[in-house]
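Let's take a walk through this one, starting at a pocket and ending at a helix. Have the model open beside you as you read.

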Amino acid sequence: MGEQIGALRDLFVGALRTVRRRGPDRVQFWFIALVIGTAAGAAAMFFRKAISALQNQLYGTTDVSLATVAGELPWWWVLILPIFGGLLVGAVLHHFTPDGRVRSVADVIEGAAMQDGRVETRAGLASAAASLITLSTGGSSGREGPVVHIAGVISTWVSARLHADGITGRDLLGCAVAGAVSASFNAPIAGALFALEVVLRHFAVHAFAPIAIAAVAGTVINRIEYGGVTEFVLPEPGSLAFFVELPAFVILGIVCGLVAAALMRLVFWSEDLASLVTRAARMPRWLRPAVAGALLGALAIWFPHIIGVGYETTAAALTGQLLFHEAVVFAVLKCIAVAITFAGRMGGGIFSPSLMMGALTGLAFGIVATAIFPQVSGSETIYALAGMGAVAAAVLGAPISTTLIVFELTGDWQTGIAVMTAVSLSTALASRMVERSFFLTQLERRGVHLAKGPQQYLLAMHRVGTVMAGPKHPDYPGEDAARALHAAGMSVQRTATLEEAMPLFAKSETHCIAVMEWAADGTPELAGVLFELDALRAYNRALAATAAEEHS
């Protein structure tokens, strides 16, 4: 046994050396992808099991029947648990993050685009702990957000050991995300495509094979524990009167796009309102999750369906066990509960809530559609399935992986036309109302412009200090001329980005601007000049490198 372990260790070390020296387009990288996919899948499975174990201790059941059991508990227990969880979350985030904010999928996307595939480790682990507490004590969010960031922490550790460059670091990150998502949802195809479509945001050939291997490894971890069962079991195979019923799914797609946009905008509006109230009341940031927990607990006393991930209510919608008014009321309340959870910075993801919102929206629509045209309509549960995919795809901005994950979660591949129709229309509509997706809008609100592509965000990746020219440059205008540029407002700080510097060139006909830095006494000192041609050359090199990576 010891010899076998030693041989595996030697094989892994050899693979690391080869990848470090020759890049990710080597067969040895596939072995690393297998290891990372397994590790990320195991971490995702541990996170899921930990949530279930804590829920079982606190509520007496897991998410499968959480709404039913919570409705039978004493009201004061349902109220207190989210408050207690909020206090713990606030303490964790206050001590282990610089800004009290939970890290999630948006931060992983930013890490892939702008940080060579790295994410924050300390804040990421704290965010995972906070999300675990939130999902176990009544928070209304999903587990995919923290799972994806945990995967990012694992790949960041490996990248640091490898001293990986940008391409290798991003591929490692994609492998980890694919393994984690696949293990979390028993969905290998969707896990691989999620990593490519949402996180890396390209489908480069060199990344596909290792990411697929990692996704398979993560799925094996899930099936060792749970077998080959799907997350949701539908009552019967779906049927669709293709030519006659398809227009109804077109309308459903439009409705789901509006619902997805309303969910996202309510979350962002609630976050802004909560920040405003926190500042106005001079509330310590560690108390903010507890206040949100109090609101959630009060709402859950009468409507326990808002607690947790919401799989019980989602399953009820997919099997047609809810009435029209129940589906509508639960959808509205879930939207409010999700907004409260995010506004309170309690942690968790948006994917599972969007699945629940979509299933409820689709069921309500299907009940109406089948009642109006009963002779030409299939089951209302088909609409619930299509709605689940449509809202989730619009929120994630990921129509391909979301369509596939709906099929893999339910095992129903017969209604593909209906799901694809609703998904395509909802995504197209919602992307016009936000910055393409929930995650990209989050980044846009922080001043990170990824939605418009690399031609926009690459300028923000280069500091002026790395491109500027000093006095020895043959075209250096001289110190007096440079100071005159500063006096005329044509200057930037040395630590500024090219994104801040380029507009100055557009404002005047000058070919260079002054670069300043602050002395110890606070006075500005001349550090050099930035030539427009040098800035454009750096930008073009970055664009060429990005294009080469995405098409390799």
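Helix 24 gives the largest pocket the largest share of its lining, 5 residues. Keep in mind that this is a predicted model. The pocket has a volume of about 610 Å³, and 31 residues line it. Nearest its centre you'll find Ala-113, Leu-200, Arg-201, Tyr-457 and Glu-550. Other helices that supply at least two lining residues each include helix 5 (105-114), helix 8 (166-185) and helix 18 (416-433).

Which of its residues are buried? They are Asp-534, Ala-535, Ala-538, Tyr-539, Ala-542, Thr-546 and Glu-549. These cover an arc of only 135 degrees around the axis, which means they sit on the same side of helix 24. Among the elements covering them are helix 8, helix 10 (205-226), helix 23 (498-507) and strand 3 (524-531).

Now hop over to helix 17, residues 399-410. This one is mostly covered, with 10 of its 12 residues buried; the buried run includes Ser-401, Phe-407 and Glu-408. The cover includes helix 8, helix 9, helix 13 (311-318), helix 15 (351-372), helix 16 (380-396) and helix 18. Just past the end of helix 17, Gly-411 adopts a positive phi of about 75 degrees.

Definitions and conventions
Residues are numbered from 1 along each chain as its sequence is written. This is a predicted model: local features need pLDDT of at least 70, side-chain atom pairs count only at pLDDT 80 or more; totals for chains, interfaces and linings use all residues. Side-chain values use heavy atoms; hydrogens and water are left out. On a 1 Å grid over the protein atoms alone, a cavity is a set of points where a 1.4 Å probe fits but cannot get out, and a pocket is an open set with protein on both sides within 12 Å along at least five of seven lines; lining residues have an atom within 4 Å of a point. Grid points are joined across faces, edges and corners, and a volume is the space filled by probe spheres set on the points. Helices (H or I, at least four residues) and strands (E, at least two) are DSSP runs, numbered from the N terminus. Buried means under 20% relative accessible area, exposed over 50%, partly exposed in between (1.4 Å probe, protein chains only). The arc is that of the directions from the helix axis to the C-beta atoms. Contact means heavy atoms within 4.5 Å. The expected span of a helix is 1.5 Å times one less than its number of residues.
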